[in-house]
Amino acid sequence: MRIGVITFPGSLDDVDAARAVRLAGAEPVSLWHGEHDLKGVDAVVLPGGFSYGDYLRAGAIAARSPLVQDVVAAARTGLPVLGICNGFQVLCEAGLLPGALTRNSHLHFRNRDQGLLVERADTAWTSSYAQGQTIVVPVKNGEGRYVAADADLDRLEGEGRVVVRYVGGNPNGSSRDIAGVTSADGRVVGLMPHPEHAVEELTGPSTDGLGFFTSVLAAVVAA
Amino acid sequence: MPVVVVDVVLKPEISDPQGQAVLGALGRLGHAGVRSVRQGKHFVLDVEGEPDEVELRQIAETLLANPVIEDVELHLPTD
């Protein structure tokens with residue numbers, strides 16, 4: 001099982017994401033944003049950070065990189081893709097996920113341990129959880145406020161596309177406390193909080209985040 | 001060289017906390033007459049030859065602005 005982790009100029013959490021992949025029992029494969037080479041991986045993680053310094057809009061320039069174009073094409077045929085924080089912003093900018101991430105409503109960078117309610121436990125990245133389970137993972141962002149037109153939010157809710165929702169306080173003013181969403185087929189997931197920072201007792205507030213990475217192993221085997 | 005200007009601003013239904021912070025500062029400075037501030041981006045493009053409106057509109061709508069949250073205005077050179 002080989003899971004790619006993309007590095008962009010300005011990525012910060014690619015090493016942590018690769019570590020989480022390894023702890024889950026898969027082989028992490030480093031991918032470079034500027035190359036048209038997915039190296040035959042079984043799934044892809046877009047990590048957190050500040051790709052291209054968040055110039056223009058967070059994730060906007062990274063979303064037009066050669067490798068992300070390949071990821072978009074592969075996701076259309078079922079490749080599991082996880083976007084964390086800046087990676088979520090990239091997936092929204094690339095059109096793989098609906099909505100957009102904008103400046104936090106209070107204008108502060110917010111860094112804390114965050115409760116999340118798992119509302120979908122049947123996506124490629126969340127099958128290790130139980131629907132209705134609450135998990136705690138770190139959140140850290142300045143532009144993490146999830147927004148979309150009201151009609152689009154209604155449609156997403158109606159289709160059950162909200163994967164995780166903030167509980168115990170909304171850290172950034174996201175519409176309807178939405179922390180993460182999925183594609184219609186449940187193969188692409190994006191979220192602002194950082195499951196890859198909650199995979200070991202020594203360094204995380206919990207090990208709750210590991211489930212994202214173990215889930216995809218089952219999804220790939222089943223495919 | 002022709003200059004093309006693109007203005008991008010958040011859609012009215014998307015709240016703009018940066019604009020609200022500017023509005024708050026204006027109030028503290030005594031400018032009570034300003035009712036609202038919306039902050040946006042202003043792009044100035046030098047283009048070679050005759051500007052291609054179709055191409056420029058595509059640039060504005062697919063890269064310079066995110067149509068999910070932003071409105072965009074394209075200003076072609078007038079002579």
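**Ground rules.** I number residues from 1 along each chain as its sequence is written, and chains are lettered from A, with ligands numbered from 1, in the order in which they are written. Since the model is predicted, local features need pLDDT of at least 70 and side-chain atom pairs count only at pLDDT 80 or more, while totals for chains, interfaces and linings use all residues.

**Chain A, overall.** I looked up the secondary structure and found five helices and eleven strands in chain A. Helices (H or I, at least four residues) and strands (E, at least two) are DSSP runs, numbered from the N terminus. The radius of gyration of chain A is 15 Å, close to the 17 Å that the globule rule gives for 223 residues, so chain A is as compact as a globular protein of that length. I note that this radius is taken over C-alpha atoms, and that the rule is 2.2 Å times the number of residues to the power 0.38. Along the principal axes, the C-alpha atoms of chain A fill a box of roughly 40 × 35 × 35 Å. Buried residues make up 57% of the 223 residues. Here a residue is buried if 20 or more other C-beta atoms lie within 10 Å of its own, exposed if 12 or fewer, and partly exposed in between, with C-beta atoms placed from the backbone. Of the contacts in chain A with a separation of 6 or more, 75% are between residues 24 or more positions apart. A contact requires C-beta atoms, placed from the backbone, to lie within 7 Å.

**Chain A, the sheet.** I traced an open sheet of nine strands in the order 2-1-3-4-11-10-9-6-7, with mixed pairing. Strand 2 and strand 7 (134-141) of chain A stand at the edges with a single partner strand each, so one side of each is left without a neighbour in the sheet. Neighbouring strands of this sheet are turned by 25° against each other on average, direction ignored. Two strands pair if DSSP finds at least two bridges between them. Axes are lines fitted to C-alpha atoms, for helices over the stretch in contact, and angles run from 0 to 180 degrees between N-to-C directions.

I then checked two pairs. Strand 1 and strand 2 of chain A pair in the parallel sense over six bridges, and A:R2 stands opposite A:E27 in strand 2. From strand 1 the chain crosses through helix 1 to strand 2, in a right-handed β-α-β crossover; right-handed means that, with the strands pointing away from the viewer, the path from the first strand over the helix to the second runs clockwise. Strand 4 and strand 11 (residues 188-191) of chain A are also parallel, over four bridges, and A:I84 has A:L191 as its bridge partner in strand 11.

**Chain A, helices.** Helix 1 (residues 14-24) of chain A has buried residues that include A:A17, A:A20, A:V21 and A:A24. The buried residues of helix 1 pack against strand 1 (2-7), strand 2 (27-32), strand 3 (43-46), strand 4 (81-84) and helix 5 (210-222) of chain A. Just after helix 1, A:G25 takes a positive phi of about 105°. Helix 3 (residues 86-93) of chain A lies across strand 3, strand 4 and strand 11, at about 120° to strand 4. In helix 2 (residues 66-75) of chain A I picked out A:A73, which is exposed, with 11 other C-beta atoms within 10 Å.

**Chain B.** Along the sequence, chain B follows the pattern β-α-β-α-β. The radius of gyration of chain B is 16 Å, well over the 12 Å that the globule rule gives for 79 residues, so chain B is more spread out than a compact globule. The C-alpha trace of chain B spans about 50 × 30 × 15 Å along its principal axes, and 13% of the 79 residues count as buried.

The three strands of chain B form an open antiparallel sheet in the order 2-1-3, with a twist that averages 15° from one strand to the next. Strand 1 (residues 3-10) and strand 3 of chain B pair over six bridges, and B:D7 has B:E73 as its bridge partner in strand 3. Helix 2 (residues 53-64) of chain B lies across strand 1, strand 2 and strand 3, running at about 155° to strand 3.

**Between the chains.** The contact takes 13 residues from chain A and ten residues from chain B. On the chain A side I list six nonpolar, three polar and four charged residues. Ala, Val, Leu, Ile, Met, Phe, Trp, Tyr, Cys and Pro count as nonpolar, Asp, Glu, Lys and Arg as charged, and the others, Gly among them, as polar.

Key
Two residues are in contact if their C-beta atoms, placed from the backbone, lie within 7 Å.
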